[in-house]
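Welcome! Take a moment to look over the sequence and the 3D view, and then we will walk through them together.

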Amino acid sequence: MAVDAVNGKRTRFGNQRSHALNSSRRSWKPNLQKVTVKINGAAPKKVYLSARTLKAGLKNGSIERV
């Protein structure tokens, strides 16, 4: 299972509840992308990042695409 390299996001599990309060297991998966980036000026590396982390990091300058 892939994990976000910056903030550790991974698949979360819980219950799907109906109006009758029947429950069944379900999962929420982050939108992980495999990208080559420099994080805080380090050497380029292929890592998994969620789309949200990638967008925020590119905007504030902590992540640079290679």
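## The sheet

Two strands count as paired if DSSP finds at least two bridges between them. In this predicted model, three strands meet that description and form an open sheet, running in the order β4-β3-β5 with antiparallel pairing. Because β4 (45-50) and β5 (63-65) each have a single partner strand, they stand at the edges, and one side of each is left without a neighbour in the sheet. From one strand to the next, the twist averages 65 degrees.

How many bridges join β3 and β5? Strand β3, which covers residues 32-39, pairs with β5 over three bridges in the antiparallel sense. Look for V37, which stands opposite R65 in β5.

## The helix

Helix α1, residues 51-60, packs on this sheet and touches β3, β4 and β5. The direction of the helix makes about 110 degrees with that of β4.

## The whole chain

Stepping back, the protein chain holds one helix and five strands, and along the sequence they follow the pattern β-β-β-β-α-β.

What about the overall dimensions? Along the principal axes, its C-alpha atoms fill a box of roughly 50 × 25 × 15 Å.

## Surface and contacts

Of the 66 residues, 18% count as buried. The accessible surface comes to about 5200 Å², and carbon and sulfur atoms account for 48% of that. Among contacts with a separation of 6 or more, 30% are between residues 24 or more positions apart.

Terms used: Residues numbered from 1 in each chain as written. Predicted model: local features only at pLDDT ≥ 70, side-chain atom pairs only at ≥ 80, totals over all residues. Heavy atoms only, no water. Helix = DSSP H or I, 4+ residues; strand = E, 2+ residues; numbered from the N terminus. Buried < 20%, exposed > 50% of the residue type's maximum accessible area, 1.4 Å probe, protein only. Contact = heavy atoms within 4.5 Å. Areas by Shrake-Rupley, 256 points an atom, 1.4 Å probe, with all protein chains shown as cover. Axes fitted to C-alpha atoms, helices over the stretch in contact; angles between N-to-C directions.
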